[in-house]
Every structure is written in C-alpha cells, then in structure tokens.
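Please look through the structure below from one end of the chain to the other.

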Amino acid sequence: MKDLVIAAGRTAARPVSWREGSRPGKGRSGFKRMYSRFVALRIRPAGRGVRKAVDDPELPERWLLAE
C-alpha cells in the first residue's frame, strides 16, 4: 500500500483540517487548527481469505486513505 501512495505523488495529497489543537494560534477559539495531508485512492482488496468469504471472484473497490 505504501508503494501505491508514493506512486500517486505529492499532488494527490490534500490538506485536511479536523479540529483545533491545544497550541495557541489564530483559530476561532485562539488555538491552531490541526491538519495533515491525506491521499484517497480507489483500490480493489486482494487475498485468498477475503475472496473465500465472498461468492464473487472480483471484490468491490474500496477507499484507501493514507496520511
């Protein structure tokens, strides 16, 4: 999975802010916003154990979120 995320490149990463932290800053409450960069990719899971649990040989695509 690491190779997939690296292959997507830096331009695929998007900054996401999820809450205000505990450090003083310029946020609405006077604290800095916490953020990081995330990559979202559509992937198809693999693995014999997973395929045995499903009748269809093709597993549905899922979202892979990576920080």
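What follows is an explanation of the fold, the core, a surface patch and the salt bridges.

This is a predicted model, in which local features need pLDDT of at least 70 and side-chain atom pairs count only at pLDDT 80 or more, while totals for chains, interfaces and linings use all residues. Residues are numbered from 1 along each chain as its sequence is written, and side-chain values use heavy atoms, with hydrogens and water left out.

The protein chain holds 2 helices and 3 strands, where helices (H or I, at least four residues) and strands (E, at least two) are DSSP runs numbered from the N terminus. Along the sequence these elements follow the pattern α-β-β-α-β. Of the 67 residues in the chain, 13% count as buried, a word that here means under 20% relative accessible area, with exposed meaning over 50% and partly exposed lying in between (1.4 Å probe, protein chains only). The chain exposes about 6,000 Å², of which carbon and sulfur atoms supply 54%; such accessible areas come from the Shrake-Rupley method with a 1.4 Å probe, and for residues only the protein chains shown count as cover. A contact means heavy atoms within 4.5 Å, and among contacts between residues at least 6 apart in sequence, 29% join residues at least 24 apart.

In soluble globular proteins, nonpolar side chains tend to be buried together. The largest nonpolar core in this chain is made up of 6 residues, namely Val 5, Ala 13, Val 39, Leu 41, Leu 64 and Ala 66. A nonpolar core is a set of buried Ala, Val, Leu, Ile, Met, Phe, Trp, Tyr and Cys residues joined through side-chain atoms within 4.5 Å. The elements giving two or more residues to this core are β2 (31–43) and β3 (62–66). Leaving aside residues up to four places away in sequence, Val 39 touches Val 5, Ala 8, Ala 12, Ala 13, Leu 64, Leu 65 and Ala 66.

Ile 6 belongs to helix α1 (residues 2–8), and is exposed, with a relative accessible area of 56%. Although Ile 6 and Val 39 are 33 residues apart in sequence, their C-alpha atoms are 9.6 Å apart in space.

On the surface, Val 16, Trp 18 and Tyr 35 form a nonpolar patch with about 330 Å² of accessible area together. Patches are made of residues with over 30% relative accessible area and no salt bridge, like charges being joined within 9 Å and nonpolar side chains (Val, Leu, Ile, Met, Phe, Trp, Tyr) within 5 Å. Trp 18 has its place in strand β1 (residues 14–24), and is partly exposed at 43% relative accessible area.

A salt bridge is a side-chain nitrogen of Lys or Arg within 4 Å of a carboxyl oxygen of Asp or Glu, and by this rule the count comes to 2. In one of them Glu 61 pairs with Arg 42, the closest N and O atoms being 3.7 Å apart; this pair links distant parts of the chain, with Glu 61 in the loop between α2 (48–52) and β3, and Arg 42 in strand β2, 19 residues apart. Arg 44 also forms a salt bridge with Glu 61, with the closest N and O atoms 4.0 Å apart, and here Arg 44 lies in the loop between β2 and α2, 17 residues from Glu 61.
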